[in-house]
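Hi everyone, thanks for coming. Let's have a look at the structure together, and then I'll walk you through a few spots in it.

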Amino acid sequence: MPVTRGFFRKRDEGPAGRLPPGQYDTGSSWPVLTAEAAPDLAPADWRISVDGLVEAPSTWTWDEAHALPGSTYTGDIHCVTTWSKFDMTFRGVSVDDLLTAARPRPEARFVLAHSSTGYTTNLPLDDVTGGKAWVVWEVDGKPLSREHGGPARLLVPHLYFWKSAKWVSRLELLAEDQQGFWERNGYHDRGDPWREQRYQGDA
Amino acid sequence: MTGIEAVTPRATEWTTGTIITKEQPTPDQVRLRLHVEDRQRHDPGQHYVVRLRAPDDYTAQRSYSVASDGEDPLLELLVERLPDGEVSGHLADVAEVGDVLEVRGPIGRWFRWDARTPAVCLVGGTGVVPAVAMLRTARRLGRTDLLRVAAVGRSPEHLPYAAELARAGALVAYTRHDAGDRPAGPPRPDELAPLAEGAEVAFICGSPRFVALATPLLIGAGVDPTTIRVEQFGATG
């Protein structure tokens with residue numbers, strides 16, 4: 001591909017080795033990107049369910065989810081719109097703990113995450129197990145705000161952030177991959193920032 | 001049928017776009033018209049990615065909504081020059097006619113108008129761009145009756161395509177500028193309600209702050225929240 005006449009690097013790359021290709025460090029800001037009107041969801045009305053190909057379909061209320069062993073992620077997040085944000089701390093529960101309770105069947109290989117808005121996003125089961133995914137309600141010591149998916153969102157920080165479904169309400173386990181909202185609308189089925197899997201057709 | 005549905009949903013590949021015209025309607029806006037190699041047909045509302053490449057292979061890419069109708073031989077993008085904008089600054093200050101850019105698109109199968117469904121757009125600032133593409137498409141098809149647009153800007157200098165929008169019958173609302181007999185202010189419910197009447201899909205495009213203001217305005221004007229499609233952009237430069 002051609003070099004752009006007159007264009008030179010203007011931003012530094014942030015901490016060494018932590019900025020995926022095509023990304024930039026957004027610094028202290030945290031952009032909000034949403035395709036829908038943000039819902040006003042009270043914690044008392046929030047639920048998280050795990051169902052589909054599981055032995056024990058399970059639902060937790062706000063209080064029940066908070067009674068589970070807590071889990072924290074500290075690290076970076078990467079949005080497909082090219083910003084990355086370093087050193088964030090999220091608190092919630094590990095998806096591993098939810099799956100342990102629901103007991104996935106052997107044929108379950110994919111997850112379709114659903115939000116209370118109807119938003120969906122698909123993930124290989126391997127991408128939400130082994131300490132790689134959380135349901136979170138707190139960021140940097142504060143409750144997650146509504147525009148960032150509060151009261152609770154999915155967090156899958158090793159993939160582009162559209163996989164971290166805001167207002168998450170349900171994890172549906174499936175045998176076959178089933179595209180979610182952005183994936184049907186042109187975005188990649190997996191979304192690994194380090195491989196720049198932004199759009200359908202990227203390797 | 002309009003032919004718009006005949007879009008092939010094949011994956012988009014990187015290609016190149018050559019700048020054919022460059023205009024700066026205001027110091028902070030640049031309007032580029034590109035000849036794109038092997039261009040795919042786009043629907044109004046879709047966007048393109050522009051990628052700049054430095055000699056050391058460092059790249060920076062940003063998404064820009066398309067202003068042109070799908071049958072326009074050139075692809076028109078409107079870029080707002082942001083403070084310290086790495087891509088927008090280059091396009092505004094350095095890029096010249098004849099330069100070749102890496103481009104990719106069309107992208108986005110959600111925020112697009114099928115040119116058949118009655119629609120209302122509430123757009124602000126540079127968020128007017130997809131509505132411009134929609135209006136141009138509606139005009140080509142002779143279906144301007146399907147599309148109502150309300151465009152909001154601080155003043156004429158902050159609202160790209162203001163004259164074209166007004167000529168096309170859009171409600172143009174300036175929040176800090178009296179225009180004719182319309183006093184400065186955001187769109188009022190009595191102005192929006194007739195635009196929203198009968199709309200089966202609603203498009204909101206603008207900054208997150210604009211979207212936060214526009215969403216309740218449209219719902220207050222009678223729009224079903226489940227029909228609202230939002231495109232918002234941050235100051236990503």
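**A lysine on the inside**

Let me start with Lys163(A): its side chain reaches the backbone oxygen of Asp189(A) at 2.7 Å. Before going on, please keep in mind that this is a predicted model, where local features need pLDDT of at least 70, side-chain atom pairs count only at pLDDT 80 or more, and totals for chains, interfaces and linings use all residues. Residues are numbered from 1 along each chain as its sequence is written, chains are lettered from A and ligands numbered from 1 in the order in which they are written, and side-chain values use heavy atoms, leaving out hydrogens and water.

Back to our lysine. Lys163(A) sits in the loop between strand E10 (153-155) and strand E11 (168-174) of chain A; helices (H or I, at least four residues) and strands (E, at least two) are DSSP runs, numbered from the N terminus. Is Lys163(A) buried or exposed? Lys163(A) is buried, with a relative accessible area of 0%. Buried here means under 20% relative accessible area, exposed over 50%, and partly exposed in between, using a 1.4 Å probe and protein chains only.

The side chain of Lys163(A) also makes a polar contact of 2.8 Å with the side chain of Glu183(A). A polar contact is a pair of N or O atoms within 3.5 Å; within protein, one must be able to donate a hydrogen and the other to accept it, and residues adjacent in sequence count only if both atoms are side-chain atoms. Not counting residues up to four places away in sequence, Lys163(A) touches several others, including Thr121(A), Leu154(A) and His188(A), where contact means heavy atoms within 4.5 Å.

Now over to the helices of chain B. Why can we call helix H1 (residues 86-93) of chain B largely enclosed by the rest of the structure? Because seven of its eight residues are buried. Among them are Glu86(B), His90(B) and Leu91(B).

Helix H5 (residues 208-220) of chain B has 13 residues and reaches 19 Å from first C-alpha to last, close to the 18 Å expected, that is, 1.5 Å times one less than its number of residues. Its buried residues are Phe210(B), Val211(B), Ala214(B), Thr215(B) and Leu218(B), and strand E7 (119-124) of chain B is one of the elements covering them. After H5(B) comes Gly222(B), with a positive phi near 105°.
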